[in-house]
Amino acid sequence: MTTVIKAPGEAAAERSGGGGGPARRARSGSDGTVLNVFSHGFLAVWALLIVLPLIWLALGSFKTDAQIGGSALSWPSHWSLDAFGRAWDKGIGDYFAHTLIVMAFSVPLTMLLGSMAAYVLARYPFPGNRFVYFFFVSGAMFPVFLALVPLFFMVKRFDMLNTYHGLVLVYVAYSMPFTVFFMHSFFRTLPTAVHEAAVIDGASDTRIFFQVMVPMAKPGLISVGIFNILGQWNQYILPSVLMQPQDGSDPERYLLTQGLIQLQQQQGYATDLPVLFAGVTIAMIPMLVVYLSFQRQIQAGLTSATLK
């Protein structure tokens, strides 16, 4: 029979439950409470910094110039949609339609080409695979301002300035790096056994992609799709350079971000702030609706690739 002699500190630690016992657990619990209070307080302040300007804009659409200058967050004395009607008549409706036309083609093309490229790079090893992947991803490191001049002359050489298809192709090119990077990581997390079972059943590569992999990657596609919608909807510098009439015969195809600047410049000294606020509200509402409608899908897409 062997007798083990323990140090007084070890014996005390065992009697108290080990590792400090209730006292240490109480300290860790209090630290966690402080951290939660700090994090929730920071998030609450951050939410106020985002929500208050939106409320100010929305309320300003129903006010007069005098009321806007008097109190920023006061309620309008008379609720009327007259400012929205004036903003629509001054061209916001046309700018809204032009933006929808461009994005109706740019977003689906970005998702289709980006997901196909990411799928091939993630699932099919071939010589130069990593080079092609890093070539795509490197596009995200270059600011758009560095390529504006050569991009302008390239688009002009193909006679696509102030055209919908010219801007669509540029939007697709500038959205591809993030789409490939995001979807590449997502496709790598999908189970390989499903892909192998489809191959054994005789499915072609195209059928495997569209009928097997794309449905499984739906959360990631929705997430990156929302990011592309937000980024292309709020894009200003590219339309400003590429969507300018070249002569008097060219139609004016300004997008919504350009239209808001035009709306501000048209006012001159006769300021009509409710019209400007209404125009910004019209541009803001679709993105809020899209984000709030797909909020859970976005969170699922962002976390699923990390958890798998």
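Me: Which helix does Gln232 lie in?
Reply: This is a predicted model, where local features need pLDDT of at least 70, side-chain atom pairs count only at pLDDT 80 or more, and totals for chains, interfaces and linings use all residues. Residues are numbered from 1 along each chain as its sequence is written, and side-chain values use heavy atoms, with hydrogens and water left out. Helices are DSSP runs of H or I with at least four residues, strands are runs of E with at least two, and both are numbered from the N terminus. The one holding Gln232 spans residues 218–233 and is helix H10.

Me: Is Gln232 buried or exposed?
Reply: The scale is relative accessible area: under 20% is buried, over 50% exposed, and in between partly exposed (1.4 Å probe, protein chains only). Gln232 comes in at 4% relative accessibility, so the label is buried.

Me: What share of the contacts with a separation of 6 or more comes from residues 24 or more positions apart?
Reply: For background, the protein chain has 14 helices and zero strands. Among its contacts with a separation of 6 or more, the share from residues 24 or more positions apart is 74%.

Me: How far from Arg123 is the nearest side chain of opposite charge?
Reply: Arg123 belongs to helix H4, residues 82–123. For charge, Lys and Arg count as positive and Asp and Glu as negative, with His and the chain ends not counted. A salt bridge needs a side-chain nitrogen of Lys or Arg within 4 Å of a carboxyl oxygen of Asp or Glu. Arg123 is buried and has no salt bridge, and the nearest opposite charge, Glu196, is away by 7.4 Å.

Me: Which residue has its backbone oxygen 2.6 Å from a polar atom of the Arg123 side chain?
Reply: Two backbone oxygens come up here. That of Phe187 lies 3.0 Å from a polar atom of the Arg123 side chain. Arg123 also touches Pro191, Thr192 and Met213, among others. The backbone oxygen at 2.6 Å belongs to Leu190.

Technical notes
A polar contact is a pair of N or O atoms within 3.5 Å; within protein, one must be able to donate a hydrogen and the other to accept it, and residues adjacent in sequence count only if both atoms are side-chain atoms. Contact means heavy atoms within 4.5 Å. Lists of a residue's contacts leave out its neighbours within four places in sequence.
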